[in-house]
Amino acid sequence: MEPLAPHEKIFVDSEFAEDENHGALGCHECHGGNPKDPNWKTAHKGVIKDPSYPDPSSTCGTCHDDIAENYETSFHVSLAPSKKMINMRADPDKAVHSKVDAARESHCNACHSSCGQCHISRPESVEGGLLDGHLFQKRPPMQEVCTACHGSRIGKEYLGEIEGVPPDIHKQKYFKCDKCHKADEMHGDGKDYANRYDVENGPKCLDCHKDIYDAKSENAKNHWIHKDQVSCHVCHSMPYNNCTSCHVGKDKQGLKFYKIKGSFIDFKIGINPLRTEKRPERFVTVRHIPVDQGTFKFYVKNGLTNFDKLPTWKLATPHNVRRKTPQNKTCNACHGNEDLFLLKKDVKREYLKANKDVIVPPNLIPEKRRDD
Amino acid sequence: MSRQGVMQAAGNALAFAVQDQRRIKMKPIIKYGASIVLTLAVFLLVLPARHAAWSAQEENHCFTCHTNARKLIQITREIAKARGDKPGASAETEGEG
């Protein structure tokens, strides 16, 4: 997305004064600064750019206390999973661990959101700037907000930006992200989850598609056979983006950088690494994520000695759902089709151990069906 | 104090005043004078709230400047010039984040 021009980023629509809920608040009540000073240089002394981060309790929270209450547990603020996952992979030695921690905080914590970065401004990742002249947006706009951050994977999938792959069927039904991801999920619920997929207020395909199991449904039999064994995405998602080998560091001028060696479009079925009562499927789509043994090596040698504790092919729910997909065209497009499954040969040698529970043993690949 | 806070304080003051007038027997002139003082006090308390309510439109240099595109263009150019062409992000970044 094109960044806004510098003056557009800070242009306030005079209509803001007419917002009966927020327009009566003085700018300085949220941002600080001196509204009586006509000299912009001195008037901005002490101004806070984002008064809703890290703590919105004295700004938005004075009126939206119910929403601000759980704010800290929203992943958009806590970034809890990335922290917990890196911690699990990190070397237990205190000195090494703290270096990994510092590098992660410096590089990964920059991508967070806030009340303001969903409802008022574009996120920093696209250089910020007001969404619509400071008018508060009830529904954060999909492309200026959500996919500005969730761009290289979900955004590309959902909007149909992967060559040869159509957009998500729900995009074509005019769904925006918030049709499935509701305010309760976005605002956090006070629980400190370890994984994105543990979040309880998140959407489920079956919230809206229970009728696929109705006797009169066209594909009821097919859906029943695979119920709780094979995830919806295994049959309904198209190939999606995968990334490898992210390394972070600082250049000669001291500016932070990251390098992601490769990304590739692929589709792989693996063994569910997060199998639970609520997520009982044995077979799910898996995506390669960019973490690597050497991700933080610029800062600390052998920082991630427990790298193999977690896989690099992870449970995925790609956002390019289609009714018809290459793998669900016929039963045997999938049954007996080794290419679709994550086998030992698909995994780089240095990542074999980490993925041992995700790799599909050949004897578990469903057999070719004779009646197809 | 927040706007609601000020309103509440004003309300409280008024409630107290009424109670006081009922309880204490006062000479009419004092009573009259007191009520003027009280009315004034209440006004003074409510005034900041009114001011806050309108500050987005009036006597607020933040608002007048940030709603003036021409002025913002001029200032952002000034800032850009002062900053020079210092890079904001490393040129070594590669690949999709």
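## Helix α6 of chain A

In chain A, helix α6 spans residues 80-89, and its buried residues are A:Ala80, A:Pro81, A:Met85, A:Ile86 and A:Arg89. These buried residues pack against three elements of chain A: α5 (75-78), α7 (94-108) and β5 (313-315). This is a predicted model.

## Chain B

Chain B has 4 helices and 0 strands. Along the sequence the pattern reads α-α-α-α. The chain holds 97 residues, and 20% of them count as buried.

## The interface between chains B and A

How many residues does each chain bring to the contact? Chain B brings 33 residues, and chain A brings 35. The size of an interface is often given as the accessible area lost when the parts come together. Here the area buried between chain B and chain A is about 2900 Å². Carbon and sulfur atoms give 59% of that area.

B:Glu92 forms a salt bridge with A:Lys259, and the closest N and O atoms are 3.6 Å apart. The cut-off for such a pair is 4 Å, so this one qualifies. Four elements of chain B give two or more residues to the side that touches chain A: α1 (3-23), α2 (28-54), α3 (61-66) and α4 (69-83). Helix α4(B) gives the most, with 7 residues. By residue class, the side of chain B that touches chain A divides into 13 nonpolar, 14 polar and 6 charged.

## Aromatic pairs

Over all chains, a search of the whole structure finds 8 aromatic pairs. One of them joins A:Phe16 and A:Phe136. The ring centres are 5.8 Å apart and the planes lie at 10°, so this pair is stacked. A:Phe16 sits in the loop between α1 (6-9) and α2 (27-31) of chain A, while A:Phe136 sits in the loop between α8 (115-119) and α9 (142-149) of chain A. The pair therefore ties together parts that are 120 residues apart in sequence. A:Phe136 is partly exposed, with a relative accessible area of 32%.

Another aromatic pair is formed by A:Tyr213 and A:Trp224. This pair is tilted, with 5.1 Å from centre to centre and 50° between the planes. A:Tyr213 lies in the loop between α14 (206-209) and α15 (220-226) of chain A, and A:Trp224 lies in helix α15 of chain A, so the pair links parts 11 residues apart in sequence. A:Tyr213 has a relative accessible area of 18% and is buried. A:Trp224, at 48% relative accessibility, counts as partly exposed.

## Two buried polar residues in chain A

A:Glu157 is placed in helix α10 of chain A, residues 151-159. Its relative accessible area is 1%, so A:Glu157 is buried. Which side chain is joined to that of A:Glu157 by a polar contact of 2.7 Å? The partner is A:Arg287. Leaving out residues up to four places away in sequence, A:Glu157 touches A:Ile162, A:Pro166, A:Pro167, A:Asp168, A:Tyr240, A:Asn241, A:Arg287, A:Pro318, A:His319 and A:Asn320.

A:Gln117 lies in helix α8 of chain A. At 8% relative accessibility, A:Gln117 also counts as buried. Beyond its neighbours within four places in sequence, A:Gln117 is in contact with A:Asp50, A:His112, A:Arg122, A:Pro123, A:Glu124 and A:Val145.

## A:Phe175 in its loop

A:Phe175 is found in the loop between α11 (169-172) and α12 (177-180) of chain A. Not counting residues up to four places away in sequence, A:Phe175 touches A:Tyr158, A:His170 and A:Cys180. A:Met142 is 33 residues from A:Phe175 along the chain, and the C-alpha atoms of the two are separated by 9.8 Å.

Conventions
Residues are numbered from 1 along each chain as its sequence is written. Chains are lettered from A and ligands numbered from 1 in the order in which they are written. This is a predicted model: local features need pLDDT of at least 70, side-chain atom pairs count only at pLDDT 80 or more; totals for chains, interfaces and linings use all residues. Side-chain values use heavy atoms; hydrogens and water are left out. Contact means heavy atoms within 4.5 Å. Buried area is the accessible area (1.4 Å probe) that two parts lose on being put together, summed over both. A salt bridge is a side-chain nitrogen of Lys or Arg within 4 Å of a carboxyl oxygen of Asp or Glu. Ala, Val, Leu, Ile, Met, Phe, Trp, Tyr, Cys and Pro count as nonpolar, Asp, Glu, Lys and Arg as charged, and the others, Gly among them, as polar. Rings of Phe, Tyr and Trp (its six-membered ring) pair if their centres lie within 6.5 Å; planes under 30 degrees apart count as stacked, over 60 as edge-to-face and the rest as tilted. Buried means under 20% relative accessible area, exposed over 50%, partly exposed in between (1.4 Å probe, protein chains only). A polar contact is a pair of N or O atoms within 3.5 Å; within protein, one must be able to donate a hydrogen and the other to accept it, and residues adjacent in sequence count only if both atoms are side-chain atoms.
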